[in-house]
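Please open the model in a viewer and follow the stops below in order. Each stop names a selection and then describes what is found there.

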Amino acid sequence: MSGLSARLRALGAGTLACALLAVVPTAHADDWDALWPETRVEDVHAQGIDGSGVKVAVIDILSVDHPGLADADVTHEVGPFDDLDGNVATCTVDGRDLPATVEPGDRIAISGDDAEAGWYYTHATDMLLWLVGNGTDYDGQSGVKGIAPGASVLHLADGVEIPGTTTITPCDGAFGETGVDSGGLVQRAVDWGARIINRSQGASMFDGYDVDPGDVDAYVDALRHGVIMVSGRANDTVERRGDLTGYPVQSEYFPGVITVNSVDMNGTIAPTSDVMDGNVSVVSPGYGIMGGIGQLSPGLTSKNGGTSTAAVILTGYLTLAMQKWPEATGNQIIQSLIRNTKQNDDSPDMDPEHKRGFGEVDPQKLLSIDPTQYPDINPILEYEVKAAAQHDYSKDWYTRDCATSPDPDSMGPDEISCKVGLIGDEYERQRTAWDRVEQCRADGGSDCMRYSATNTADRDAGAAESTASPDSPEPSGLPLWAWGAIGGVAALVVAGGIVLAVVLSKRARKHRYPPVNGNTRPYRPYPQGPASYGANGPAYGPNPHPRDGMQPSAQPPAPQYPAGPLYPAGPQPMGDARRSPQGAVPQPYVRPMPSRRTPEGVPQPPMRPMPDYPVTPPQPAPAPYSRSPRTSSPQSSDRMPPDTSDPAERQPR
């Protein structure tokens with residue numbers, strides 16, 4: 001990253017997605033019904049499914065050394081920061097190097113009326129408790145038990161919040177001089193081996209963008225390795241675009257990321273985020289759940305945990321599924337998630353109101369339906385790439401090519417870089433890899449998943465085309481027993497040939513005849529040749545990966561994409577949405593934008609509102625997607641229309 005604008009976007013990684021101060025006033029600390037998200041998986045905990053063996057990265061602010069995390073397998077690190085020139089930098093707050101954890105009562109970044117108070121809960125503390133908490137709170141009181149208490153967690157601290165707000169304190173020094181490296185955080189998690197990355201944070205409170213062109217590679221690397229990325233949408237009621245196209249300059253909407261909205265026990269969307277947002281993927285428990293009474297004092301209560309808590313609870317459920325189905329890839333787990341929500345029955349249907357995405361997570365289905373039947377393709381990425389091609393503002397996002405049309409020297413923070421073409425390339429790689437898996441299965445091959453996108457992630461393009469070991473036969477699709485039979489027949493042929501040669505050698509021959517047609521049988525790895533697509537690429541329909549001219553195989557059919565359009569035409573039934581009366585819930589938590597701490601005499605850049613998007617009704621099924629020629633670098637017309645609403649009406653995360 002470079003430039004002040006980049007620094008502001010980097011600071012935006014700390015805009016929290018959780019309305020943790022919005023406490024439900026009628027609840028009490030002994031109201032343990034607020035632990036309902038965990039009680040839904042108590043039975044699987046009793047069976048030993050607790051997330052053990054699964055590595056999860058949590059990108060958040062610093063945490064408190066809470067007793068509920070005393071025996072959890074959590075590694076705390078301070079995330080990478082850099083300066084205006086992109087060099088590695090150290091973030092200091094109040095003259096102290098930013099720590100990853102603090103002792104209860106620590107007063108870092110606390111000033112004014114709260115000078116005598118100290119930290120007991122932070123945003124990260126609440127997230128970690130809901131993921132791996134042991135059920136203990138201060139003074140031996142009962143606390144939050146995590147959804148996946150056996151998971152191994154890497155906590156990457158990227159700041160400290162301003163007390164009483166959901167906003168991060170900037171690092172010391174000139175405003176924007178040192179900021180968190182958004183892509184570096186993701187890359188660190190991938191390199192550590194995380195299978196899931198939870199980031200209950202969102203775009204900048206300043207200009208609304210926190211993914212620079214230089215960060216794109218790290219996010220794509222996570223997609224390439226099948227890492228599940230989970231984030232929460234904003235806790236506001238500002239309408240956003242009405243289609244799932246992704247938005248590659250914001251971390252919570254980056255293509256392939258599971259963007260979460262929050263619901264209560266009855267499946268009703270939280271009043272603080274009950275609004276159309278086409279980029280929401282699923283909804284998850286987050287309203288009316290247990291959490292700290294406040295940041296600066298001990299004690300628990302039932303509260304609005306916001307979309308942050310909804311995201312981390314979903315992360316917990318996905319962690320359990322990872323342990324339950326160790327052979328499944330991350331993409332297959334996401335396939336199962338969206339196809340088997342409470343509103344869907346093995347079909348990825350979208351909410352026609354564009355509020356709930358594919359529906360509410362159903363942990364029972366997630367833990368009982370085998371995900372290995374589904375393709376190793378990130379279905380959210382697939383939907384977004386195809387849907388983006390149907391809209392004027394986004395139709396060329398994922399087909400851009402920096403080699404032929406590089407970015408201009410100066411770009412606005414809302415302009416789409418040519419580097420997002422890597423996202424479209426990654427989708428094509430996943431789709432092509434799955435075609436080969438299905439072809440291998442259709443040919444009766446074994447271990448066909450070795451050709452999948454996740455299992456070929458670390459191979460270069462050339463090596464990915466041939467994944468068999470040097471000592472193994474080419475993948476002709478024949479099972480091992482057939483190779484043995486062929487070997488036996490070959491031995492008999494050789495023996496018979498020797499006898500025949502002896503006999504024939506006794507006969508004088510004046511002529512030897514060449515093979516018929518003068519050539520031998522060419523090698524073809526597939527009976528009908530490699531699978532091919534028509535001129536327009538794969539079409540939408542029950543199976544979004546058709547093969548033109550494919551002949552039926554004599555072998556038993558391999559598992560296919562279950563029926564059900566990936567991009568439904570028109571409104572789809574939502575099933576039991578279970579909406580409760582809105583009059584019983586409190587008004588949305590609204591807080592004015594906090595003041596920014598800047599050194600005296602340093603000018604502050606003007607505030608920029610979050611962008612709004614064209615609101616579109618449910619779209620008909622798009623025409624078959626085809627990868628159009630690479631397009632030029634972004635122009636001003638590529639930008640999202642600005643949001644003209646009053647910033648005071650929007651609650652930052």
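**Aromatic rings**

Begin by selecting Tyr209, Tyr247, Tyr393, Trp397 and Tyr398, which form one aromatic cluster. Rings of Phe, Tyr and Trp (its six-membered ring) pair if their centres lie within 6.5 Å; planes under 30 degrees apart count as stacked, over 60 as edge-to-face and the rest as tilted. The structure holds 8 aromatic pairs.

The model is predicted: local features need pLDDT of at least 70, side-chain atom pairs count only at pLDDT 80 or more, and totals for chains, interfaces and linings use all residues. Residues are numbered from 1 along each chain as its sequence is written, and side-chain values use heavy atoms, with hydrogens and water left out.

**Charges over rings**

Next, select Lys55 and Trp192: the charged end of Lys55 sits over the Trp192 ring, 4.5 Å from its centre. The criterion is NZ of Lys or CZ of Arg within 6 Å of the ring centre and within 35 degrees of the ring normal. Then move to Tyr451, where Arg436 lies over the face at 4.3 Å from the ring centre.

**Helices H7 and H8**

Display helix H7 (residues 306-324) with helix H8 (residues 330-339); their axes come within 11 Å and cross at roughly 120°. Helices here are DSSP runs (H or I, at least four residues), numbered from the N terminus. Axes are lines fitted to C-alpha atoms over the stretch in contact, with angles from 0 to 180 degrees between N-to-C directions. On the H7 side, select Leu314, Leu318, Ala321 and Met322, which meet Gly330, Ile333 and Leu337 in H8; contact means heavy atoms within 4.5 Å.

**Helices H10 and H11**

Finally, show helix H10 (residues 379-388) and helix H11 (residues 421-442), which pack at an angle of about 120° with their axes 10 Å apart. Select Leu381, Glu382, Val385 and Lys386 of H10 together with Ile423, Glu426, Tyr427 and Gln430 of H11 to see the residues that make the contact.

Methods. Helix = DSSP H or I, 4+ residues; strand = E, 2+ residues; numbered from the N terminus.
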